[in-house]
Amino acid sequence: MFESSNNQFSTSLSDLFTSANAAQLFNDPTLFNSELTLREVRSGQSSESRSSFFQSVLTTLKSYFSGNENLNAASDASDSYEQTAITQLSTWYNQYYGNGYVNAGAAIARITGGTSYYDFPDYGGYNWGIDYVSAPEVWARGFTGQDIVVAVIDTGVSYTHSDLDNNIWINWDETYGNGIDDDRNGYVDDVLGWNFVDNNNNPMDADGHGTHVAGIIASENNSTGTIGVAFNSKIMPIRVLGNNGGTVENIAKGIVYAVNNGAQVINLSLGGSYSSEIAAAVKYANDQGVFVVMAAGNEGSTEPSYPAHLATDW
């Protein structure tokens, strides 16, 4: 049985900027596949090659992440880059903050080939999360989620919420209420998404968790409440979790539905045991170029739960 994930690590970063996913975003295997690469490098390369590699690891880590004093204190002049890098990779984890906050301004600057953005004043109040990841610096450069559809596969989404109602995805190829599968995608009248728990076209939130997640991602910039990290994006509501969690089959179906109906990003703030069915669905999304964001889990472990543990598989 899969359950929703709602710890400080996953929610404060809006599940869009966890350390592993940031590395995947930058498409940098040096960090993203660090465990595998550590084994390979230590098994056969010369000491000079290993030293050069781990110096690169430290430099990469520093350029990606902010807010971790231990990492920032690591010396580039160290005689043992290997030991320093291994120590940082294995011990800097924090049960509340994961592997450190990501500086979204620096991240976007890096992948767009620009320089680090100007440090804007904090919004404060309820918007402390967006301040921590430097989201306002990114917005100032025009990156607000425009034309991006994010599928929230969760307990559903309150699509009538005043902070979300203008940012809900609509399936314009479907005519609501006519009882016909107009777009022939296998789901009748799925104008606002799909409810896999009750097998109907009403993905309304029955718990609150999915709405919470959707708000972190795309809450409207309307001078009330909080602002979503990508406040101009659209949320595709997909309900796969009920009062007692969700089934592997429904979660896998939800992922496939999101991919086949145009989501560019899938958010999975849920976790459980390994499932080949879910793994296959995540791989399908990855193969189709869809970015899958998965919660690390609530256990305070240095290893993420599933499906987040799949992040290094493809």
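Helices H12 and H13 are roughly parallel to each other in this predicted model, where an angle under 35 degrees counts as roughly parallel, one over 145 as roughly antiparallel, one of 65 to 115 as roughly perpendicular and the rest as oblique. The axes of H12 (residues 248-260) and H13 (residues 276-287) come within 8 Å and cross at roughly 10°; axes are lines fitted to C-alpha atoms, for helices over the stretch in contact, and angles run from 0 to 180 degrees between N-to-C directions. On the side of H12 the contact (heavy atoms within 4.5 Å) is made by Val248, Glu249, Ile251, Ala252, Ile255, Val256, Val259 and Asn260, and on the side of H13 by Glu277, Ile278, Ala281, Val282, Tyr284 and Ala285. By class, this contact comprises eleven nonpolar, one polar and two charged residues, with Ala, Val, Leu, Ile, Met, Phe, Trp, Tyr, Cys and Pro counted as nonpolar, Asp, Glu, Lys and Arg as charged, and the others, Gly among them, as polar.

Residues are numbered from 1 along each chain as its sequence is written. Because the model is predicted, local features need pLDDT of at least 70 and side-chain atom pairs count only at pLDDT 80 or more, whereas totals for chains, interfaces and linings use all residues, and side-chain values use heavy atoms, with hydrogens and water left out.

Asparagine 250 also lies in helix H12 and is buried, with a relative accessible area of 15%; buried means under 20% relative accessible area, exposed over 50%, and partly exposed in between (1.4 Å probe, protein chains only). A polar atom of the asparagine 250 side chain lies 3.2 Å from the backbone oxygen of phenylalanine 196. When residues up to four places away in sequence are not counted, asparagine 250 touches Phe196, Val197 and Val240.

For the protein chain as a whole, the secondary structure comes to 13 helices and seven strands, these being DSSP runs numbered from the N terminus (helices H or I, at least four residues; strands E, at least two). Of the 314 residues in the chain, 49% are buried. Among contacts between residues at least 6 apart in sequence, 70% join residues at least 24 apart.

H8 is followed by glycine 113, whose phi is positive, near 75°.

Aspartate 154, in strand E2, counts as buried at 0% relative accessibility. Its C-alpha lies 5.3 Å from that of arginine 239, a residue 85 places away in sequence. The side chain of aspartate 154 makes a polar contact with the side chain of threonine 155 (3.5 Å); a polar contact is a pair of N or O atoms within 3.5 Å, of which, within protein, one must be able to donate a hydrogen and the other to accept it, and residues adjacent in sequence count only if both atoms are side-chain atoms.

Positive phi values also occur in residues other than glycine. Aspartate 147, in the loop between helix H10 (135-139) and strand E2 (149-154), has a positive phi of about 70° and is exposed, with a relative accessible area of 62%. Arginine 184, in the loop between E2 and strand E3 (194-195), has a positive phi near 55° and counts as exposed at 76% relative accessibility. In the segment after strand E7 (291-294), where proline 307 lies, a cis peptide bond with omega of about 10° joins tyrosine 306 and proline 307.
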